[in-house]
Amino acid sequence: LKGKSRVCWFLLLISIITWTMAPVFVTALFLTALRDTFGKTCGDETDCGSCLDHMVLGTHSCHWCQVDQACHQISSTQSACVAPIEDPHCASKSSVSSCKLSSCPVPKLAIKPKHLHIALAGPDGMRVAWKTDAKPKICTTSVGTIRAHADKIAQYLDGHGYHGVATLKGLVPGQLYSYQVVCDGVASDSKTFELPRPDLDKFSMLVVGDMGTRENGNAVESKKRIDALLDSVDLTTIVGDIAYADDAFLHEANTPYFAYEAVYDQYMEWMENVMSTKPFMTAVGNHESECHSPNCVASAAHHNALRNFTAYNTRWHMPSLESGGVLNMWYSFDYGPVHFVVINSETDFSGAEEEHYGDSCGPSKGAFCLPAGGFAPEGEYLKWLEANLVKAHANRAQRPWIVAIGHRPWIKIQNGLGSTEAGLNDTHRPLFEKYGVDLYLTGHFHSYGSLVPEAGSSNIPIVITGAAGCDEGLDGAKSTVKGTAQGYRYNGRGDIFQVGTLDVTRTSLTWKSHNSATGEVFDSFTVLPRATEMVV
């Protein structure tokens with residue numbers, strides 16, 4: 001067959017297939033086959049209007065993806081909007097498209113800063129971070145007469161937006177500031193923040209751990225509780241495992257697709273009210289390590305771009321510069337009468353779970369092993385940690401408390417006390433005890449536990465607050481586990497979602513664990529200066 005006859009037979013074949021196959025699949029096959037015949041493709045369209053108007057044989061054939069700012073053939077696997085979770089971010093006039101939009105988004109939305117979040121940056125500074133879908137030429141943030149240009153604008157995964165950060169310095173502690181981020185003339189929503197006064201002698205901190213995203217992440221109850229507590233606290237810390245983007249494949253409709261970025265973005269949007277007005281301080285967890293969905297395993301581009309905590313270290317910006325730390329892996333900060341030291345429980349010490357390979361590798365060193373760690377020369381992290389604790393311990397007259405924050409504990413409460421993380425126990429515990437760390441806030445286990453030292457014990461008080469809710473659910477421990485062992489009085493709950501608060505004065509640290517569903521404070525204890533016993 002030649003010429004027109006070949007085209008006619010081809011069209012007839014496509015028509016027959018149409019009667020027997022799913023509409024979206026047929027449309028994709030049809031458009032692919034006709035591409036050479038009709039010339040111009042969806043990919044040739046460079047703006048949303050032309051993309052949506054593109055037709056083949058009188059049928060709309062394209063969708064515009066707001067995520068990668070590109071036009072794609074309907075059902076194209078190259079589109080950043082191919083996963084169902086991205087349907088709200090794509091537009092199409094086709095009746096077989098799953099896109100939620102049928103008209104083009106307002107163009108300036110592509111450059112409007114979103115996902116605003118702030119972190120402390122020294123006694124007179126605040127670091128502001130954001131994301132845009134399109135690449136901006138210039139971004140600034142300002143408060144009053146103080147203006148800061150973006151320290152950097154980075155993209156760690158092609159087609160998935162740009163992440164910016166700016167540092168505001170010379171701020172007056174105790175003053176309420178209003179700020180915006182402006183990229184290429186397009187402004188974010190206006191937010192406010194306040195730096196702590198140097199003479200602050202009491203405050204409250206919200207503490208969450210192992211928190212997934214929305215309904216799929218079993219975190220709705222905890223988000224409601226966070227919102228209810230937000231006005232009563234001064235800052236928030238999350239003890240690692242943020243958003244569970246690496247578990248995006250557990251969101252059933254998205255299983256075959258790449259949805260890591262979509263889930264992470266969804267979390268950032270959902271939590272922006274918490275992160276943009278009060279400092280939101282992070283610790284690194286194992287779920288920040290890499291992407292291990294089936295799509296990421298199959299795609300070298302995806303798993304290489306996301307390995308070794310890349311997304312975590314691009315999206316977040318903690319005060320490592322001000323404290324001699326490294327990226328968001330380890331750092332410290334002061335707030336009122338407390339010196340907080342945020343540790344790295346994942347890499348850069350002997351016996352760390354991800355000392356050489358990422359979270360997906362495991363002890364068996366299976367086929368999917370991506371290099372991890374090496375954020376500083378060997379031994380440098382632990383040298384930094386000890387030097388930081390030495391300085392904090394010597395400064396107790398000004399700041400009487402040292403509180404450590406990290407992802408993994410070296411002891412667990414499941415059906416009773418048990419040891420875990422031998423490497424952490426061997427390297428961190430002796431330093432904590434030597435320099436009198438007053439409290440260790442941690443997570444990792446998807447349950448709750450408190451460990452209060454018995455009288456005369458040199459143990460460090462530990463809170464395991466890993467039950468904010470995540471895709472993997474609760475650990476399934478007994479509903480209530482209580483007892484005494486190894487110099488601790490311990491209390492564990494494995495049947496409820498929870499978040500915590502830490503109330504601080506110069507003479508006490510009071511921990512409270514809140515049932516996310518009811519608001520009930522179901523466990524609490526108070527740490528007093530070491531010469532005085534604890535109150536439970």
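Biologist: What share of the 536 residues is buried?

Modeller: Buried residues make up 58% of the 536 residues in the protein. Keep in mind that this is a predicted model.

Biologist: What helices and strands does the protein have, by count?

Modeller: The protein has 13 helices and 30 strands. Its radius of gyration is 26 Å, close to the 24 Å that the globule rule gives for 536 residues, so the protein is as compact as a globular protein of that length.

Biologist: What box do the C-alpha atoms fill?

Modeller: Roughly 95 × 55 × 45 Å, taken along the principal axes.

Biologist: Among contacts between residues at least 6 apart in sequence, what share joins residues at least 24 apart?

Modeller: That share is 65%.

Biologist: Back to the prediction. What is the mean pLDDT?

Modeller: The mean is 90, and 90% of the residues reach 70 or more. Over residues 1-26, though, the pLDDT is below 50. That stretch has 14 contacts in the model beyond near neighbours in sequence.

Biologist: And what about residues 33-37?

Modeller: There the pLDDT stays under 50 too. The model has six contacts for residues 33-37 beyond four places in sequence.

Biologist: Let's go inside. How many residues are in the largest nonpolar core?

Modeller: It has 129 residues. Tyr267, Phe432 and Leu441 have the most contacts inside that core. Helix 5, residues 260-270, gives the most to this core, with seven residues. In soluble globular proteins, nonpolar side chains tend to be buried together.

Biologist: Pick Leu441. What is Leu441 in contact with, leaving aside neighbours within four places in sequence?

Modeller: Its contacts include Met205, Val207 and Val239. Val403, Ala404, Ile405 and Gly406 are also among them.

Biologist: What does the second core include?

Modeller: The second core is separate and has eight residues, including Cys48, Cys51, Leu52 and Cys62.

Biologist: Cysteines, then. How many disulfides does the structure hold?

Modeller: Eight. A disulfide is a covalent bond between the sulfur atoms of two cysteines.

Biologist: Which cysteine forms a disulfide with Cys51?

Modeller: Cys71 does, and the two sulfur atoms are 2.1 Å apart. The pair links distant parts of the chain, 20 residues apart. Cys51 is in helix 3 (residues 48-53), and Cys71 is in strand 4 (residues 70-73).

Biologist: Why is that disulfide of Cys51 and Cys71 called right-handed?

Modeller: Because the torsion about its S-S bond is about 80°.

Biologist: Are Cys51 and Cys71 buried or exposed?

Modeller: Cys51 is buried, and Cys71 is buried as well.

Biologist: Another one. Which cysteine is joined to Cys139?

Modeller: Cys183, with an S to S distance of 2.0 Å. This link of Cys139 and Cys183 has 115° about the S-S bond and is right-handed. Cys139 lies in strand 8 (residues 139-143) and Cys183 in strand 12 (residues 176-183), so the pair ties together parts that are 44 residues apart in sequence.

Biologist: What relative accessible area does Cys139 have?

Modeller: Cys139 has 2%, so it is buried. Cys183 is buried too, with a relative accessible area of 0%.

Biologist: And which cysteine does Cys291 pair with?

Modeller: A disulfide joins Cys291 to Cys296, with 2.0 Å from S to S. The link of Cys291 and Cys296 has 90° about the S-S bond and is right-handed. Both cysteines are buried.

Biologist: Where is the nearest cysteine sulfur to Cys470?

Modeller: It belongs to Cys291 and is 16 Å away. Cys470 is in no disulfide. With a relative accessible area of 1%, Cys470 is buried.

Biologist: New topic. Where is Asp359 found?

Modeller: In the loop between strand 19 (338-342) and helix 11 (380-394).

Technical notes. Residues are numbered from 1 along each chain as its sequence is written. Side-chain values use heavy atoms; hydrogens and water are left out. A disulfide is a pair of cysteine sulfur atoms within 2.5 Å. Helices (H or I, at least four residues) and strands (E, at least two) are DSSP runs, numbered from the N terminus. Buried means under 20% relative accessible area, exposed over 50%, partly exposed in between (1.4 Å probe, protein chains only). pLDDT is the predictor's confidence in each residue, from 0 to 100. Contact means heavy atoms within 4.5 Å. A nonpolar core is a set of buried Ala, Val, Leu, Ile, Met, Phe, Trp, Tyr and Cys residues joined through side-chain atoms within 4.5 Å. The radius of gyration is taken over C-alpha atoms; the globule rule is 2.2 Å times the number of residues to the power 0.38.
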